[in-house]
Amino acid sequence: MSPDKGTLVGANEKNTWSDVETGSNVSSGSWTKRLLKLGVEVRGIRPVPELERTDPQYSKIFFIWFSANFNILSFSAGTLGPVVFGLGLRDTCLTIVFFQLLCCLPPAYLSTWGPKLGMRQMIISRYAFGYYGVILPCIMNLIGMTGFSILNSILGGQALASVTTSLSWSVGIVVIAVISLLVSFCGYKVLNWYERVAWIPVLITFIIALGVGGKHFTSPPPAEPATAGAILSFASTLAGFSVTWSALSSDFTAYLKPQVASWKIFCYSYLGLIIPIILLQCLGAAAAVAASVVPEWEEAYTGGNVGGLLEAMLRPAGNFGKFLTVLLSLSVAANIAATFYCISLNIQVFMPFFVVVPRYVFSIVATAIVVPLAIVGAHRFYDAIVNFLGLIGYWASAFVAIVMLEHIVIRKNNFAMYDVEAWDIPSRLPSGLAALGAGILSFGLVIPCMEQVWFVGPIAKTTGDIGFEVAFAVSAVLYLPFRWLEIKWRGMR
């Protein structure tokens, strides 16, 4: 029996997980029904039927993206320009602005697919990668989301620990992870409510930080002239920060009414991404540059302690500044909660037999994985973030090229050309050979174009890191002929 027809919970029970997802016909004493009454979302990766896509509050997607990116991680990514790549403040900010305006386009565009198909992003990707082929990008996406959750947990733990010497980074990480778990456990409704308000105290805190520390930003020290290699390498890191949202874009829009104009969802999503990312990354760059000439900031920033830097910026506000630092530490929960939510969905795609397990169970699993890894990696933050963001940008770029070409060229930008009923039927989906072939073979040219701490390709030695751009271009060039051959071979899309 296909899972979307309902898989029995037990031999003697009449209820199906499809019933559970809609909250109907579930025995009154069941644990699941109690959670449903509390507003906990149980639905996993099964498409949302059109009759259940009834949410008319389209602005929700703006607040999800805004709150998820309006936090310390965006701030810390901006510090990489001057600290790691040796760029001056002007060159760092210009690189951030131009590349983020470009890199935020794919996730904003893919967000528009959710209301039309009612599918999560990795389920939509089956229509290019196939039922089994999508497992590879799903694994890469799980690694990416777990990595972001680890980085955010480290930053939140650092910020909490900087307020008092009696709290270690490890305890701070656990506190942040548990708060994030509570939100992601509840699912769509609670997540949307939380993301709608989570940005407010963060905005107030950063405004106050600018008020008490802004005088140090007025005269940045002179910097060495920027090289093209440094700018491109920094840009590749920035791409890893924002393009990777593409692999989970429609996860947040599958419940919205399908009648909504796609341009509205795109605009809400794009603005929700670029405003916090650009503003906070530029602020992070300014703070990192100023730290080199402000002794108190430099001392607090020792070892890449971004939380300590923020605490030092707010220190003139006294105990109120410590309270604001706590609020900043909690800001990462908005990102982690949204990511845990998507991890719980991706696990079901990675291992389809888990489709009968309620989504919220995997939020607990994600927390159990992230906490120990964050504690272990807490004292190597900058090494972790540079290596991580650089690497995940490559696969995400290839993924975006493939799924967008599948939709725009192969399916003629027409959602009616998706056989929605075939979402879990391998024989009615593409084989995935074209997508996997294009993505994997592109790395034959991507690897020579990579510039990482542990490896610099022969092309990158001259150009800087252009692996992100090459992954997109080569995957696009290879995918279309591969896909047309596949269609001719199988006689179906």
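Is Ser329 buried or exposed? I looked this one up before anything else. Ser329 comes out buried, at 0% relative accessibility. My cut-offs: buried is under 20% relative accessible area, exposed is over 50%, and partly exposed is in between, using a 1.4 Å probe and protein chains only.

**Ground rules**

I am working from a predicted model, where local features need pLDDT of at least 70 and side-chain atom pairs count only at pLDDT 80 or more, while totals for chains, interfaces and linings use all residues. Residues are numbered from 1 along each chain as its sequence is written, and side-chain values use heavy atoms, with hydrogens and water left out.

I placed Ser329 in helix H17. Helices here are DSSP runs (H or I, at least four residues; strands are E, at least two), numbered from the N terminus. For contacts I took heavy atoms within 4.5 Å. Not counting residues up to four places away in sequence, Ser329 touches Ile72, Gly156, Ala159, Leu160 and Ile176.

I then checked Ser180, which is found in helix H11 (residues 169–186). Ser180 is buried too, with a relative accessible area of 0%. With residues up to four places away in sequence set aside, it touches Ala333, Ile336, Ala337 and Phe340.

**Helix H16**

H16 covers residues 306–314, and nine of the nine are buried, so the helix is largely enclosed by the rest of the structure. I noted that Glu311 is among the buried residues, along with Val306, Leu309, Leu310 and Met313.

**Nonpolar cores**

I defined a nonpolar core as a set of buried Ala, Val, Leu, Ile, Met, Phe, Trp, Tyr and Cys residues joined through side-chain atoms within 4.5 Å. The largest one has 139 residues, and Phe75, Phe252, Trp297 and Met313 have the most contacts inside it. Helix H17 (residues 319–350) supplies the largest share of this core, 15 residues. There is also a second, separate core of nine residues, which includes Cys449, Met450, Ile466 and Ala471.

I followed up Phe75. Leaving aside neighbours within four places in sequence, its contacts include Phe206, Leu280, Leu283, Val306, Leu309, Leu310 and Met313.

**Salt bridges**

My rule was a side-chain nitrogen of Lys or Arg within 4 Å of a carboxyl oxygen of Asp or Glu. The search of the whole structure gave eight salt bridges.

- Lys60 meets Asp55 at 2.7 Å, N to O. Lys60 is buried at 15%, and Asp55 is buried at 9%.
- Arg411 pairs with Glu406, with the closest N and O atoms 2.9 Å apart. Arg411 is buried at 3%, and Glu406 is buried at 1%.
- Arg428 pairs with Asp419, with the closest N and O atoms 2.6 Å apart. Arg428 is partly exposed at 37%, and Asp419 is partly exposed at 31%.

**Cysteines**

For a disulfide I required a pair of cysteine sulfur atoms within 2.5 Å. I counted zero disulfides by this rule. Cys103 is in none, and its nearest cysteine sulfur, that of Cys104, is 7.0 Å away. Cys103 is buried, with a relative accessible area of 1%, whereas Cys267 is partly exposed at 34%.
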